[in-house]
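Here are some notes to go through with the structure open beside you. Each point takes up one group of contacts.

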Amino acid sequence: MLIRTHSRASNQTGDQTGHRIASAVRPSVVRRLTVHRLTIQMTVLPVVMLVCLLVASTGHARDPDAYVLTPNKKTEHFTFLAAGSHHVCAVLSGGTIACWGNDLMGQLGNGTQTDQAAEQPVGVIGLTTAMAVTAGDMHTCALLKNGSIWCWGGNRYHQLAGSLPSANEPVQVETISRAAGVTAGTYHSCALLTGGHIRCWGYNESGQLGGTKEMDSAEPVEVPGITRATALSGGGAHTCAVERGGSVHCWGGNSQGQLGNKTHDNSAQPVEVAGLPPARSISSGTSHTCAVLKDGRVACWGWNATGQLGNGSTEDSAAPVFATGITQATHVAAGRFHTCALLKTGRIACWGGNRNGELGAGPPEGSPIPLTIKELPAAGAIVVGDRFSCIIIKQTGAAKCWGAIK
């Protein structure tokens, strides 16, 4: 899901993967870190230079001490983050994009297919007016200021649109010119148009493109019945949208109840999430979905094997359940095994699997109820991948991540 975020400098978005975002609030005090090893490296990128601070802890930390990325230019800061399964991309305030992590199919967009560690992010070729970015399993897409969408990475299922087998630098989605948002599911992509309609392309085995479940599509196809969308989010094999008024509709795969309509039947036609109070934003994970409600609560539904629904259970739910104790959320990010929420205070609360420390707190076996990460500075955005989490630090505009990106 894609939602524009704000930081201090600007005053103050089962099967496979999830990717999503957050907002801004008051900074908190950063605790003094015990640094086992500190590496400072200058990495020259095609479009930006970054100073990257890698704080390596022993094993997988249960506190968020993994690494901090700070734009080198004093006038720049991160405005937007997106997490794929095993890579991360960030929009800088100047309109360029930097990416790091897995690059098997060219999803970092720098003209190569070489993995990049967190201390060596690379610049995406040719994009200088980006507003937002979204990441799938092995592809990435960006929304530019002129309303165009550009994608790069793997294209086996036409998730970039077009017929190239892959692209290690951005290619334009030719038939989209008036986009207001973009989301990448595992192997599909969707655009939110300025009028509230949605068009999707790529993999369609479960009907995640909307309208038909017979064929993948290299061309964007319109999702039937959705005409007033304000937000959307692509998951593993499903897609969800918030419409004006706060109703939520989902379509695609539903084997774990991730469509939220009290069934487990796939649906290529959008179905309304049952009994959900008005929502503000939406985040589709691999096989579960979460929404921030207008009253600040978080409701989740779908796969729950690691407690990623946050209701104290590990049983799947085909209808919305509420994350325990969350009453002041501004954004939510649903991944594969875990979920995190940004609170009005700037704190982050996470729940679900924690094998690689992706919750930032709690035991390795994870937690089926939300745990607040007290050590973090106030956040302006939250995104999660398969086994990691990242924030934008509100006070500085830097990015901080923890867990295991690979």
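Is Tyr 203 buried or exposed, and what is its relative accessible area?

1. Tyr 203 has a relative accessible area of 18%. Because buried means under 20%, Tyr 203 counts as buried. Keep in mind that this is a predicted model, and that the values below are computed from it.

2. Ring pairs join Tyr 157, Tyr 187 and Tyr 203 into a cluster. Tyr 157 is at 18% relative accessibility and counts as buried. Tyr 187, at 19%, counts as buried as well.

3. The count of aromatic pairs in the model is four. One of them is the pair of Tyr 157 and Tyr 187, with 5.0 Å from centre to centre and 50 degrees between the planes, which makes the pair tilted. Tyr 157 is in the loop between strand E10 (149-154) and strand E11 (166-172), while Tyr 187 is in the loop between strand E12 (179-184) and strand E13 (188-193), so this pair ties together parts that are 30 residues apart in sequence.

4. Tyr 187 also pairs with Tyr 203. Here the ring centres are 6.1 Å apart and the planes stand at 85 degrees, so the pair is edge-to-face. Distant parts of the chain are linked again: Tyr 187 belongs to the loop between E12 and E13, and Tyr 203 to the loop between strand E14 (198-202) and strand E15 (217-222), 16 residues apart.

5. The charged end of Arg 297 sits over the ring of Phe 322, at 4.3 Å from the ring centre. For Arg 387, the charged end sits over the ring of Phe 337, and the distance to the centre is 3.9 Å.

6. Next come the disulfides. A disulfide is a covalent bond between the sulfur atoms of two cysteines. The model has a count of seven disulfides. Among them is the one that joins Cys 240 to Cys 250, with an S to S distance of 2.1 Å. This link is right-handed, with 110 degrees about the S-S bond. Cys 240 is in strand E17 (residues 238-243) and Cys 250 in strand E18 (residues 248-252); the pair links distant parts of the chain, ten residues apart. Both of these cysteines, Cys 240 and Cys 250, are buried.

7. Cys 290 and Cys 300 form another of the disulfides, and their sulfur atoms are 2.1 Å apart. With 110 degrees about the S-S bond, the link between Cys 290 and Cys 300 is right-handed. Cys 290 comes from strand E21 (residues 288-293) and Cys 300 from strand E22 (residues 298-302), distant parts of the chain that are ten residues apart. How accessible are the two? Cys 290 is at 0% relative accessibility and counts as buried. Cys 300 is buried too, with a relative accessible area of 0%.

8. A further disulfide is formed by Cys 390 and Cys 401, whose sulfur atoms lie 2.1 Å apart. The angle about the S-S bond of Cys 390 and Cys 401 is 110 degrees, and the link is right-handed. Cys 390 is in strand E29 (residues 388-393), Cys 401 is in strand E30 (residues 399-403), and the pair links these distant parts of the chain, eleven residues apart. Cys 390 and Cys 401 are both buried.

Notes. Residues numbered from 1 in each chain as written. Predicted model: local features only at pLDDT ≥ 70, side-chain atom pairs only at ≥ 80, totals over all residues. Heavy atoms only, no water. Phe/Tyr/Trp six-rings, centres within 6.5 Å; stacked < 30°, edge-to-face > 60°. Helix = DSSP H or I, 4+ residues; strand = E, 2+ residues; numbered from the N terminus. Buried < 20%, exposed > 50% of the residue type's maximum accessible area, 1.4 Å probe, protein only. Lys NZ or Arg CZ within 6 Å of the ring centre and 35° of its normal. Disulfide = S-S within 2.5 Å.
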